[in-house]
Amino acid sequence: MSGSDPKARPKPGPWPPAPDASPLPPATWAKKTGFRPKFSGETNASDSGQISLPPRPREHRDAQPDLEAGRGRPAPASAVPSPAPTPSPAPAAVAVPAPPSGRAGAGAAPAVNGGTETVVPPSANNKKDQSVKRRRDSDGGGGGAHRKLPSGGNGGANGQGNSEGGARRATRNDEVIDVLPQEDEGFPARHSHMKYELRDTPGLVPIGFYGLQHYLSMLGSLILIPLVIVPAMGGSQEDTSMVVSTVLFISGVTTLLHTSFGSRLPLIQGPSFVFLAPALAIINSPEFQGLNGNHFKHIMKRLQGAVVIASAFQTILGYSGLMSIILRLINPVVVAPTIAAVGLSFYSYGFPLVGTCIEIGAVQILFVIIFSLYLRKISVFGHRIFLIYAVPLALGITWAMAFLLTETGAYSYKGCNANIPASNIISEHCRKRISRMKFCRVDTSRALTSSPWFRFPYPLQWGTPVFEWKMAVLMCVVSIISSVDSVGSYHASSLLVASRPPTPGVLSRGIGLEGLCSVLAGLWGTGTGSTTLTENVHTLAVTKMGSRRAVELGACILIVLSLVGKVGGFIASIPLVMVAALLCFMWAMLTALGLSNLRYSEAGSSRNIIIVGLSLFFSLSVPAYFQQYGISPNSNSSVPSYFQPYVVASHGPIRTTFGGLNYFLNTLLSLHMVVAFIMAVILDNTVPGSRQERGVYVWSDAETARREPAVAKDYELPFRVGRLFRWVKWVGL
C-alpha cells in the first residue's frame with residue numbers, strides 16, 4: 001500500500017503457493033444467485049457473510065450521518081473527491097473493472113453490477129486502527145499476524161497487487177459489495193463500529209469494566225425467570241434466593257465453557273425464556289394440583305429430570321452432526337417468527353400482573369421506555385448509560401419510589417396484615433386491600449434477612465431428579481427450538497465481532513456444548529435449561545464490546561457473586577409487580593429481536609410476508625384454542641388467571657385412551673413457539689423461493705476457514721483440544 005505506514009502493521013508474506021482457483025466457491029451467495037437487492041435494507045454480504053460497506057468516496061463516507069448520535073460526521077479537510085462509479089470502462093489509472101471470475105484486483109475495489117470503483121488510499125483509516133491495541137490471540141497465539149485491511153486496497157506491493165496471491169487475499173478479506181448500511185443499534189458493520197473485536201485484549205481494567213457492563217445490561221434475562229417459576233412451584237422466598245444464586249453460578253460456569261470449548265463467540269449462557277412456557281406447563285400439571293404444603297422440591301425434581309433428558313438429546317443433536325443437517329431447514333424466515341412467538345406467548349402474564357399495583361408497575365414500564373428510547377442518545381464519558389442500563393436504572397428508581405411510599409404509610413391499613421392468607425381474613429375491609437398490601441409494599445419479603453452470607457450451590461441440592469417420559473419428551477421438542485434460537489444468535493453475533501460466521505461444524509459444536517451446559521443446569525436445579533441469551537446480540541451492538549475476554553471475566557465476577565448468599569436474597573426481594581413490569585419490556589425486546597432476523601432476507605417479499613404472518617397468527621390462535629377448550633367462563637379455579645394457559649393438559653381437546661399421550665400433545669400444541677416453528681419450517685421449505693429471497697444463512701466453508709489464520713484463530717479450540725476432534729469433521733473447523 002502506498003499510503004500505509006509499514007510500522008503500523010506486519011509486513012505481508014512470505015505467502016505459500018496459492019491453490020487452484022477451481023476449488024474456491026463463488027465469493028458470495030449473491031453472486032451464486034444473481035441477487036439484486038430490491039426489498040430489504042440488509043442487502044448483500046461478503047464471502048464470509050459479513051455485512052460490509054462499499055468503498056465509497058472518502059468525503060461521502062465520512063460525512064455519512066450517525067443515526068444513533070443524530071448528527072453527521074464532518075469530512076476531514078484532506079478528503080479528496082472521487083468520481084462516482086459509472087458502467088462505462090474507466091481509465092486504468094483510477095479504476096479497474098471486475099475480472100470475469102468475480103475476483104477484484106488487489107489494488108482496486110471490486111466492481112458492483114459491472115461498474116467500477118475508484119481506489120482510495122487507506123492510509124487515513126490507519127489512525128483509528130492504531131488507537132486500539134493490536135489484536136492478540138486469546139489463547140497465546142499470534143493473532144496479530146493476520147489483520148483485515150481496509151476496503152479499497154490490500155497487501156500488494158505499493159498498492160498494485162500484481163501477484164496472484166494478493167488477488168486471492170483481496171477476494172477473501174477485502175471484497176465488498178454495494179449495500180445499504182445499517183448504522184442504528186441493530187447489526188452494524190463490525191469494523192466501522194465495534195470498539196473491540198473477538199480476540200482483542202485491551203487490558204484488565206477495560207475488560208473488567210466492559211465485562212461487568214455486559215452482564216448488568218442483561219440483568220433482566222438472568223434473574224427474572226427464577227422469580228417467576230419458584231413462587232409458581234410453591235417455593236418460599238428462601239427457596240427463590242437459593243435458585244437465583246444457583247442461576248448466577250451456572251450462568252458464569254456455562255459461559256466460560258461456551259467461550260472456551262463451544263462456538264467461542266462472546267455469548268452469555270443463561271436461563272432461556274424458551275424453556276419458561278414448558279416449565280410452567282409442567283408446574284401446573286394436574287398431578288401437582290392436589291399437593292399440600294410446600295411442594296417446591298417435589299415439582300423441582302421432576303422438572304430437573306425433564307431438563308436433563310432434553311439436554312442430553314440436544315447434546316447428541318450437536319455432537320452427532322445432526323444439527324448440520326437440520327441447518328438446511330433453518331433460515332431467517334423460520335427463526336424470525338419462532339423467536340418472536342416466544343416473546344408474544346407471555347402476554348397473559350405481563351400486564352395483568354402489573355395491574356395488581358398499577359401505580360408502581362406502569363411507572364416502571366414508563367421509565368424503561370424513556371431510558372431505552374427517548375434518552376438513548378445521551379452519552380456520559382462516551383457511554384450511552386441510559387440505553388445500556390435501561391433495566392437496572394428503571395428498577396432502582398422504581399424500587400426507591402415504592403420504598404418511600406411504603407415508609408410513608410401509603411399502603412398501611414389499620415388492623416390488616418399482608419402475611420395472613422386471604423382465606424383466613426375475616427374483615428371485608430382488609431380483604432379488599434390485601435392485594436395492594438401484598439404487591440405494592442416492598443417490606444413483605446424476608447429473603448434478604450434470611451439469606452446466609454456465604455452459600456455454595458451444589459448439584460442435586462433439591463434431591464435426585466425424577467424422570468417422567470411425557471415431561472421429558474415435551475422438553476426434548478423445546479430443546480430443538482432452543483437450538484434454533486442459538487443458530488440465529490451465532491450468525492448475528494459473528495457478523496459483529498468475528499472475521500467470518502462460524503462453520504457448520506463450529507455451530508454443531510456450540511449446540512452440543514449448550515446441551516452439556518443444560519445438563520449442568522438440570523443437575524444443579526435452576527428450573528430451566530441453559531442456552532445462548534438472544535438479548536446478547538442487542539447488547540453486543542449497543543456496548544460495541546465484542547472481546548471474548550471481557551465476557552469471560554464478567555462470568556468470573558458472576559460466579560463470585562453467586563457465592564454471596566445476600567446477593568441472591570437481594571434479587572429475590574424484588575417486588576413481584578416490578579418483575580412483571582420488567583418482563584413486559586424483556587419479552588417485547590425478544591419479539592423484536594426475533595423479527596430482526598428478517599433483515600437477512602427480502603423482508604418485502606410477498607412470499608416471506610405471508611409465511612411470517614401465517615406463522616405468527618397461528619402461533620397465537622391454535623394455542624388459544626387448546627388453552628380455552630373445555631373451560632367454563634364462570635368456573636372457579638385455584639390457579640391464578642395468569643397461569644391458566646398452562647393447565648391445558650387437564651382439559652385439552654385431544655383425549656385418547658393413553659393419558660401420557662394426551663398430556664404431551666395437548667401441552668405441546670398449546671406452546672406458541674412450537675406452532676410457529678412447525679408452520680414456518682413447512683412453509684419456508686415447501687413454498688418455492690430463491691436463496692436470496694429466503695435469506696439463507698451463509699456459513700463459512702470448512703476448507704476455506706482452515707486456510708485463513710484469522711478464521712482459524714477465531715474458532716479453534718484452546719490448549720490443542722481441537723486435535724481430539726480432527727476425526728470428527730462435523731464438529732470442527
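## The model and its confidence

The structure is a predicted model, in which local features need a pLDDT of at least 70 and side-chain atom pairs count only at pLDDT 80 or more, while totals for chains, interfaces and linings use all residues. Residues are numbered from 1 along each chain as its sequence is written, and side-chain values use heavy atoms, with hydrogens and water left out.

The pLDDT, which is the predictor's confidence in each residue on a scale from 0 to 100, averages 76 over the protein, and 69% of the residues score at least 70. Where pLDDT is low, the predicted coordinates should not be read in detail.

Side chains of opposite charge can pair when their charged atoms come close. The whole structure holds 8 salt bridges, each defined as a side-chain nitrogen of Lys or Arg within 4 Å of a carboxyl oxygen of Asp or Glu.

One of them joins Glu-708 to Arg-500, with the closest N and O atoms 2.9 Å apart. Glu-708 sits in the loop between helix H29 (702-707) and helix H30 (709-715), and Arg-500 in the loop between helix H19 (469-497) and helix H20 (504-524), so that the pair links parts of the chain 208 residues apart. Both Glu-708 and Arg-500 are buried, a word used here for under 20% relative accessible area, with exposed meaning over 50% and partly exposed in between (1.4 Å probe, protein chains only).

Another salt bridge pairs Arg-607 with Asp-684, whose closest N and O atoms are 3.0 Å apart. Because Arg-607 lies in helix H25 (residues 606-628) and Asp-684 in helix H27, this pair ties together parts that are 77 residues apart in sequence. Arg-607 is buried at 8% relative accessible area, and Asp-684 is buried at 0%. Arg-607, Asp-684 and Arg-694 are linked in a network of salt bridges.

Glu-703 and Arg-707 form a salt bridge with their closest N and O atoms 3.4 Å apart. Both residues lie in helix H29, 4 residues apart, which is about one turn of the helix. Glu-703 is partly exposed at 42% relative accessibility, and Arg-707 is partly exposed at 32%.

Notes: Helix = DSSP H or I, 4+ residues; strand = E, 2+ residues; numbered from the N terminus.
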